[in-house]
Structure formats: structure tokens, C-alpha cells
Amino acid sequence: MSRIAGVWRPPVIADATNGGFDGLHRSAISAGGCRLRAGSDASEIDRIRHACRMAASSPNCVMLHGGRTSANSDSPMAAPCGSVSHDPPTIQVFVGRRINLLKKFALLFGLLALAVIVGAIALYKPVRIFAPQFFGLTCVSEKLCIDDVGRLEEATELLEDARRFVSDELGSLKAELKVLFCGTRQCFANFADPAVAAQYYWGARTLLIGDRATPYIIRHELIHHWQNENFGGPNEALRLPMWFLEGMAYSLSNDPREVIPNAEANGQRTRFLEWQRTGGDWRTPPRQ
Ligand SMILES: [Zn+2]
């Protein structure tokens with residue numbers, strides 16, 4: 001039984017060696033499908049061609065054929081009637097109505113999948129970093145997108161300074177990360193909570209920089225990227241204590257603020273500094 005026949009009702013089978021194909025077209029219409037089979041004999045091929053012409057005369061009929069002797073004989077391929085050759089010893093004719101049903105099903109499935117993707121993009125902001133072009137950014141390269149191309153030089157310089165700092169202080173970054181620059185709060189709000197100045201997406205290895213991001217904030221986020229690369233990727237690195245990950249980023253980025261406005265962040269930095277004072281080395285992260 002063919003793949004398609006497994007979905008459809010079993011087709012009527014007419015065999016060229018047992019009789020002609022007279023009436024086959026009518027059988028195909030009434031049964032909803034039929035299957036033509038022939039050997040390699042020239043007269044059988046002629047009869048197939050005849051039946052095929054009859055089937056093809058109906059706008060709803062299409063022909064499917066595949067080689068009976070080949071490995072994929074049960075996986076018919078669509079072909080116009082005129083393409084029948086002596087090569088495929090097996091020829092199948094089905095009424096196109098069934099094909100149309102499959103096409104409609106595929107179309108419906110495609111539309112549903114599209115609706116899910118569009119819904120996710122509309123409702124879940126982080127997903128949008130994968131399609132920044134739809135939210136006002138211009139991607140000047142595979143790794144850099146910006147909302148105002150006129151500020152590209154400024155943005156690139158800011159990023160390069162931070163990258164140089166992290167490479168000098170912690171060690172070189174192994175791979176390029178993707179960077180999205182938003183020069184306005186409105187642009188940033190399309191992707192993330194506008195209350196934060198920048199955001200690093202560990203899984204996507206993407207850095208989103210907003211209009212309020214200062215050089216030390218960009219350094220902070222790049223340190224998260226360094227942690228991602230050096231502490232075993234997102235799954236491993238994010239198992240490390242948050243006071244260590246954040247405290248290290250706040251501390252090693254040379255964040256000049258004596259007190260970080262966010263109390264939790266402040267506590268994380270304090271704990272990290274205390275851990276360092278008692279011999280902790282950030283190259284060997286604590287497990288808890
Ligand atoms: Zn952080």
C-alpha cells in the first residue's frame with residue numbers, strides 16, 4: 001500500500017495484463033481513485049497511455065507514477081499525463097480531488113504554524129531578537145543591527161572599546177556575538193523591559209543595547225558573554241550562583257557606582273568582593 005493510499009481509501013486497481021483500461025476513467029471518478037499497473041510490454045504501455053489521456057481529460061484528474069521495480073514504487077510522484085514514458089512500469093492515476101484535500105490540509109497546517117510563530121513574536125518580546133528587521137532595525141551585517149544607521153560608527157566604537165576592555169581584563173572573547181543597537185527607548189521596548197539599559201541573551205548569544213547603556217554597562221554585559229563562553233555555555237554557566245555571575249560582572253566591569261540602585265545587585269557585588277577577599281578567584285567559579 002502506498003503512502004498516499006494509506007491516507008486515502010484503497011484505490012481500485014486495474015491491471016493491464018488482465019484486461020484493458022476501458023472505463024477506468026469512470027471508475028476513477030466513482031471510486032475516488034484508481035491505480036494503473038502494467039508490465040513492460042509495449043501494448044500495455046499503450047493502454048496506459050490511453051487511460052492516462054482519458055483521466056487527464058478531466059480537470060480533476062492527475063496522474064501519479066512510480067517504478068514498480070524500484071525501491072520507491074510505493075511512493076508515487078505526481079506527473080502530467082504527457083510525461084508517461086516506457087520507464088515506469090507502474091502508473092497510478094488518482095482523482096485530483098484527493099490531492100486537493102491533501103493540499104488544503106498542508107495549507108491549513110502551514111497557516112497554523114505561521115499563526116503560532118506570529119503569535120509568539122507578538123506576545124513574547126525576547127523572540128523578536130531573532131527577527132530585528134521587523135522591529136525597526138537595519139542589520140548591517142550578520143552580527144550587527146542598529147535602528148539608526150547614521151550612528152553606526154558611534155555604536156561600533158562603543159562596542160569595540162568594551163570588547164577590548166574585556167579581552168584585556170578577562171581574556172579574549174572566542175566568538176563574535178550578535179549585537180542589536182537601539183538608540184531610542186521605544187526601539188528597546190520592542191525587545192525587552194525598557195526599565196533595563198541593556199540585556200544579554202545567554203541562549204542566543206545576543207546583546208541588546210539601549211539608549212541608556214553606558215560603557216561600563218556594555219562591559220558588564222560582555223562579561224556575561226565571556227562567562228557564557230568560558231563556563232560551559234548557558235546550561236552550565238547559569239547553574240553557577242547568581243551572586244557570582246552578577247557580582248563578577250558588576251565588579252570586573254569597573255562599574256563606578258558606589259551603591260547600585262538595585263539592592264539585590266548591590267548585595268551580589270558585595271558578596272562577590274567578600275568572596276574574593278577570602279581567596280576566591282573568578283577563574284575558578286564557586287559551585288554554590
Ligand atoms: Zn548582569
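Visitor: How many residues does the hairpin that joins β6 to β7 pass through?
Guide: In this predicted model, β6 and β7 run antiparallel and are joined by 3 bridges. Within this pairing S141 stands opposite L144 in β7. The hairpin that links β6 to β7 passes through 2 residues.

Visitor: In β8, which residue is the bridge partner of C145?
Guide: Strand β7 covers residues 144-146 and strand β8 covers residues 178-181; the two run parallel, with 3 bridges between them. One of the residue pairs places I146 with F181 of β8. For C145, the bridge partner in β8 is L180.

Visitor: In β10, which residue is the bridge partner of K178?
Guide: β8 is also joined to strand β10, residues 206-209, by 4 bridges. These two strands run parallel. The partner of K178 in β10 is T206.

Visitor: Which strands stand at the edges of the sheet?
Guide: The sheet is open and consists of 5 strands in the order β6-β7-β8-β10-β9, with mixed pairing. An edge strand has a single partner strand, so one of its sides is left without a neighbour in the sheet. From one strand to the next the twist averages 15°. The strands at the edges are β6 (138-141) and β9 (198-201).

Visitor: Which strands does α7 touch where it packs on the sheet?
Guide: Helix α7 comprises residues 215-230. Where α7 packs on the sheet, its direction makes about 10° with that of β9. The strands that α7 touches are β9 and β10.

Visitor: Are α5 and α7 parallel or oblique to each other?
Guide: Two packed helices are described by the angle between their axes and the distance between the axes. The axes of α5 (residues 152-169) and α7 come within 9 Å and cross at roughly 55°. The crossing is right-handed. With that angle, α5 and α7 are therefore oblique.

Visitor: How many charged residues does the contact of α5 with α7 have?
Guide: On the α5 side the contact includes L158, L159, D161 and R163, while α7 contributes residues including I218, R219, L222 and W226. By class, the contact of α5 with α7 has 10 nonpolar residues and no polar ones. The number of charged residues is 3.

Visitor: How many polar residues are in the contact of α7 with α9?
Guide: α7 and α9 pack at an angle of about 130°, their axes being 8 Å apart, and α7 is therefore oblique to α9. The crossing of α7 and α9 is right-handed. H220, I223, H224 and Q227 of α7 meet L245, M248, A249, Y250 and L252 of α9. Alongside 6 nonpolar and no charged residues, the number of polar residues in this contact is 3.

Visitor: Is α9 roughly parallel or roughly perpendicular to α10?
Guide: Helix α9 covers residues 242-252 and helix α10 covers residues 263-277. Their axes are 7 Å apart and the packing angle is about 90°. For this reason α9 counts, relative to α10, as roughly perpendicular.

Visitor: How many nonpolar residues does the contact of α9 with α10 have?
Guide: Among the residues of α9 in this contact are W243, F244, E246 and M248, and among those of α10 are A265, R269, F272 and L273. By class, the contact has 3 polar and 3 charged residues. The number of nonpolar residues is 8.

Terms used:
Residues are numbered from 1 along each chain as its sequence is written. This is a predicted model: local features need pLDDT of at least 70, side-chain atom pairs count only at pLDDT 80 or more; totals for chains, interfaces and linings use all residues. Axes are lines fitted to C-alpha atoms, for helices over the stretch in contact, and angles run from 0 to 180 degrees between N-to-C directions. Angles under 35 degrees count as roughly parallel, over 145 as roughly antiparallel, 65 to 115 as roughly perpendicular and the rest as oblique. A crossing is left-handed if the near helix is turned anticlockwise from the far one by less than a right angle, and right-handed if clockwise. Two residues are in contact if their C-beta atoms, placed from the backbone, lie within 7 Å. Ala, Val, Leu, Ile, Met, Phe, Trp, Tyr, Cys and Pro count as nonpolar, Asp, Glu, Lys and Arg as charged, and the others, Gly among them, as polar. Two strands pair if DSSP finds at least two bridges between them.
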